[in-house]
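Please open the model in your viewer and keep the sequence panel beside it.

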Amino acid sequence: MQKIGVFVCWCGSNIAGTVDVEAVAEALKSVPGVVYSVSYQYMCSAAGQKLITDAINEYKLDGIVVASCSPRMHENTFRKTAEAAGLNPYMVEIANIREQCSWIHKDKEEGTKKAIVLAKAAVAKLKNDKPLKAGTSQVTKRALVIGGGIAGIQTALDVADAGYEVDIVEQRPTIGGRMAQLDKTFPTLDCSACILTPKMVEASQNEKINIISYAKVEKVSGFVGSFKATIRKKARFVDETKCTGCSLCMQKCPSKKGKDEFNMNMNNRPAIYIPFAQAIPNVAVIDPEQCIKLKTGKCGLCEKVCAAGAINYKMEDELIEREYGAIVVATGFKPIDPSPLNEYGYAENADVVTSLELERLMNAAGPTKGTLLRPSDGKHPHEIVFIQCVGSRCDENTERGKPYCSKICCMYTAKHAMLIRDKYPDTNVHVFYIDVRTPGKNFDEFYRRAVEQYGVDYIKGMVGKVAKEGDKLMVRGSDLINNQQVEIAADLVVLATAIEPDPSARSIGTMLTASMDTNDFFTEAHAKLRPVESPTAGIFLSGVAQGPKDVPETVAQASAAASKVIGLLAKDHLVTNPCVAESNELMCNGCSQCEKVCPYGAITYIEKEVRGPGVREVRRIAQVNPAVCQGCGACTVACPSGAMDLKGFSNKQIMAEVDQICL
Amino acid sequence: MSVTNPNWKPKIVAFCCNWCSYAGADLAGSGRMSYPADVKIIRVPCSCRVNPMFILRAFERGADGVIICGCHPGDCHYTSGNYYARRRLTMLFSMLDYLGIERGRTRVEWVSAAEGAKFSKTMNEFVETITNLGENRKLGDIRCKKS
Ligand SMILES: Cc1cc2nc3c(=O)[nH]c(=O)nc-3n(C[C@H](O)[C@H](O)[C@H](O)COP(=O)(O)OP(=O)(O)OC[C@H]3O[C@@H](n4cnc5c(N)ncnc54)[C@H](O)[C@@H]3O)c2cc1C
Ligand code: SF4
Ligand code: SF4
Ligand code: FES
């Protein structure tokens, strides 16, 4: 008979409040096999762990059950405690009596009863546990960063700084992300390009960093420490190694009607282009949808003018396969399209713009060379209305927008208002807002400056309608503080639109099996304690891909993610999960059912002499590679002969739990 | 079906995959989103680990309802496990239906790690369904019944 110890945690009053912990410990004493059962205030504390260690030694325990918080919280803690006391770390089972009991039940009697059942089920499982030994796997000392915005760049720089190789895969022809499109940045108002472009250059010059631009990650396999990625580098039709970025081709290209994505489609660009002057790599790219040569075979002007001989119309997509130890998701965001929100008239009126469009209208390299002019007629606007929370903080059931706060809009609108009042003191600026949220360092001071020093007119209320009347936009809204309706004849309306994850985020999440929330932001392993890691081992989160953030927060998180990556890459070996599948060679009939369902190709077949009672013959049997198996258990159910079982979650173990619960 | 035993409380086994639904259940806990204590959760690595045998065993031993929760289609931590689970369980459930275990007693639900509220709502609904169906008398091993 095994000797089992049961340790019931109070978790202060978290468990003890609705579960009679002493009664649970007492009830477990009568379970056959349990030789010691006790309750204690905080089992995870040093004193609690010592209590466990001492009991293991004193009672020569073969296994322990800790009835406490979720195993996702402290399973590892208690495994380490057991191991330190000389017990196999896998002879530990957790009964989740906090998240799945005390926190959700108010009736103490009911809670106590359930806790006893859960603890007994854990004991039943433990009786079928076998000591397991973890194996090891190699770590490829290279990181993959998906997305080359400020988040991806910062993570790459930090990882490279520690001496590891990093590949940045960026879908656009240049790195830089959204920050490259901004004019000035709050709260200091320094020019965005002036602080971003040096970082871009640093990344391109760092010999440990390899920028793969105009590319997409197509496939990822493997697991923490040894991922394998297939990257599709789209054909640029320009040889990156030859192009000098002289931009002569851009001037000569006759097909000039392409939409300039970098300027939010507000002006045109040629079919061959460099997105902006400081692009990295500073190399042209041909838009195949627009290039006359690629579409009709005629033209070929750029090839003729290119002194470097960089143009190659025959270029094809290139597939790159590489191995990585860690993957960082830094896929950022895009502003939502406000057209479906009819009341703002964005789709009909050229003079209703989004904030990101305004950034380009104010930028010296933008479509208006930095002079603020209305898109419709090129005139100076004298009345400007900003509308906050467009598509943010919406009622989830109305589907008019996002339920969350986009976080950055209050601050960038204060920035826009201030910059406009500073440059054009004859222009009136009004801001309709629900709340002004400025919790960052020096943020509220910044906002107050907009109101007090720059005389920006903040109106608490929502806008009901923006309608064109003559060459004015009539903005009708409510002023909740003065309790009245207001109407402003505006020349320009700026929508602080919600931001949402990049449209590719969902497919990246699926590819990496990294979980996401209902809004397609990546979820962190723990909301408070592990904010830069995905629950999937080896996947890290950087920047807005995880949730709305401004630049300082993005950079802080990017560096935090880098430190986690460095911590991983610094290891030569990783301890692998020993809870893997194993087939019983006497029962296996070599039918190949298991191999068909294994998502990792972990199962192969060997011819082997099988010896057992009454058998001695060479048979084809299944063999699981424990380094590749991830322990999902798909094969165990597919196996018609019951030969395949999963260690740590064996048929016997689960059945024992079922039996106990149904008793 | 009428409830003969006035003290009867449904026995419900919930298999939850470690990566999404078990985490969703934890989130329901930290958010204090309650559901009846009749639900007891068994943690499995993935919904595809749930062997039809486990479900049969639960009914044999006196369960009144069995629910299997996994990640949303496309989000399984092991890529495809929930697709296998869905196919296998659909077959099993119709067989159980044939054997007299009403469809309402078995259920598959996709609950992500972020859906604590959905987990709690699902469990409340499921307990209600089972309570309405009453005690399960089919498939039970009469030898292990007390009275
Ligand atoms: C109008 C506006 C004004 C702002 N003003 C300020 C300000 O003044 N101060 C401030 O601090 N912050 C400001 N911000 C916020 C700032 O833009 C963000 O904090 C910052 O850009 C976040 O960086 P990121 O790298 O996380 O995301 P991004 O900048 O979006 O970068 C993500 C990158 O990943 C790439 N990518 C996406 N998906 C893939 C994929 N599947 N494969 C490969 N590559 C991919 C994208 O092409 C992009 O280059 C403003 C934002 C807006 C909208
Ligand atoms: S448990 Fe089975 S199916 Fe799953 S990874 Fe391991 S061998 Fe493959
Ligand atoms: S499914 Fe079972 S019997 Fe068939 S090969 Fe795999 S382990 Fe052997
Ligand atoms: S891991 Fe959740 S269903 Fe496969």
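This is a predicted model: local features need pLDDT of at least 70, side-chain atom pairs count only at pLDDT 80 or more; totals for chains, interfaces and linings use all residues.

Residues are numbered from 1 along each chain as its sequence is written, chains are lettered from A and ligands numbered from 1 in the order in which they are written, and side-chain values use heavy atoms, with hydrogens and water left out.

Helices (H or I, at least four residues) and strands (E, at least two) are DSSP runs, numbered from the N terminus; angles run from 0 to 180 degrees between N-to-C directions, along axes that are lines fitted to C-alpha atoms, for helices over the stretch in contact.

Now select the strands themselves: five strands of chain A form an open sheet in the order 10-7-6-18-29, and the pairing is parallel. The edge strands, each pairing on one side only, are strand 10 (209-212) and strand 29 (539-541) of chain A. On average, neighbouring strands of this sheet are turned by 20° against each other, direction ignored. Two strands pair if DSSP finds at least two bridges between them.

Within the sheet, look at strand 6 (residues 142-146) and strand 18 (residues 326-329) of chain A, which run parallel and are joined by four bridges.

**Domains and a loop residue**

Colour chain A by its domains, whose bounds come from an automatic or database domain assignment: domain 1 (4-127), domain 2 (142-234 + 317-332 + 502-569), domain 3 (248-305), domain 4 (334-500) and domain 5 (581-647). The centres of domain 3 and domain 5 of chain A, taken over C-alpha atoms, are separated by 57 Å.

Next, select V31(A), which lies in the loop between helix 1 (21-29) and strand 2 (34-40) of chain A. Is V31(A) buried or exposed? V31(A) counts as buried because its relative accessibility is 12%, where buried means under 20% relative accessible area, exposed over 50%, and partly exposed in between (1.4 Å probe, protein chains only). Leaving aside neighbours within four places in sequence, V31(A) is in contact (heavy atoms within 4.5 Å) with K120(A), V123(A) and K127(A).

**Two nonpolar cores**

A nonpolar core is a set of buried Ala, Val, Leu, Ile, Met, Phe, Trp, Tyr and Cys residues joined through side-chain atoms within 4.5 Å. The largest one has 52 residues, and those with the most contacts inside it are I603(A), M644(A), F15(B) and I55(B). Helix 3 (residues 81-98) of chain B gives the most to this core, with six residues. A second, separate core of 43 residues includes F7(A), I15(A), C101(A) and V123(A).

**Chain B**

Of its 147 residues, 56% count as buried, and its C-alpha atoms fill a box of roughly 45 × 35 × 20 Å, taken along the principal axes.

**Backbone details in chain A**

Most residues other than glycine have a negative phi, and most peptide bonds are trans. With that in mind, select F186(A) and P187(A), which are joined by a cis peptide bond with omega about -10°; P187(A) lies in the loop between strand 8 (184-185) and strand 9 (190-191) of chain A. Another cis peptide bond, with omega about -5°, joins I280(A) and P281(A). Finish at N265(A), which has a positive phi of about 60° although it is not a glycine, and which lies in the loop between strand 13 (258-259) and strand 14 (268-269) of chain A.
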